[in-house]
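Dear colleague,

I am passing the structure below on to you, together with some notes on what was found in it. Please read them with the sequence and the coordinates open beside you.

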Amino acid sequence: DSPEGCAEAQGGVQRPGFGESAFQDCHSLRNVAFPPRYPAPRCIVPSCHDVLTLFGSQQMIVDALRNRFNGLPIHEVCYYQSRYSAPGTTQQLKASPLNMINTPENNQDCLGMTPLHILACSRKHSIELYQFIIDNQPKSLIIEDKWGCPPIL
């Protein structure tokens, strides 16, 4: 199970064939990203109150989630890490330019989440990945997202 406030629901990222009910029981989109050219889902509002409050409209939510990882390769690797082995993901992170890993201004996405927040919201957890992020971004332990939540409680 994902931690409270982290939605990684079945259909969290809509794919062709997902109907209007894909987000029906979703109360948060904090761990969702839409591919840049993916058609806008029509069923986000009104159930996902947290992002609606943050962005103000469904179109702004979709735009933000489509561009969530632009310029944030570490966030993107952490988001998709559940598809790969922990050593493979760690290798991808190590191959990233160090300035992308250690730069605080590149540390938060449109939801205020750090790579550590994204790992904490994942269904798959790896001590090796947590350790790598914490070793390279120790301040990420205390950075709060847009809702005032640190990555690990």
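How many helices and how many strands does the secondary structure of the chain come to? There are 7 helices and 0 strands, where helices (H or I, at least four residues) and strands (E, at least two) are DSSP runs numbered from the N terminus. Read along the sequence, the pattern is therefore α-α-α-α-α-α-α.

Please keep in mind that this is a predicted model, in which local features need pLDDT of at least 70 and side-chain atom pairs count only at pLDDT 80 or more, while totals for chains, interfaces and linings use all residues. Residues are numbered from 1 along each chain as its sequence is written, and side-chain values use heavy atoms, with hydrogens and water left out.

Of the 153 residues in the chain, 46% are buried, a word that stands for under 20% relative accessible area, with exposed meaning over 50% and partly exposed in between (1.4 Å probe, protein chains only). The accessible surface of the chain comes to about 8,200 Å², and 54% of it belongs to carbon and sulfur atoms; such areas come from the Shrake-Rupley method with a 1.4 Å probe, and for residues only the protein chains shown count as cover.

In helix α2 (residues 58-66), the buried residues are Ile-61, Val-62, Ala-64, Leu-65 and Arg-66, and they pack against α1 (49-55), a contact being heavy atoms within 4.5 Å.

The count of salt bridges comes to 1, the rule being a side-chain nitrogen of Lys or Arg within 4 Å of a carboxyl oxygen of Asp or Glu. Asp-109 forms a salt bridge with Arg-68, their closest N and O atoms being 2.6 Å apart. Because Asp-109 lies in the loop between α5 (98-102) and α6 (115-120), and Arg-68 in the loop between α2 and α3 (73-79), the pair ties together parts that are 41 residues apart in sequence. Both Asp-109 and Arg-68 are buried.

Leu-141 is placed in the segment after α7 (127-136) and, at 36% relative accessibility, counts as partly exposed.

With kind regards
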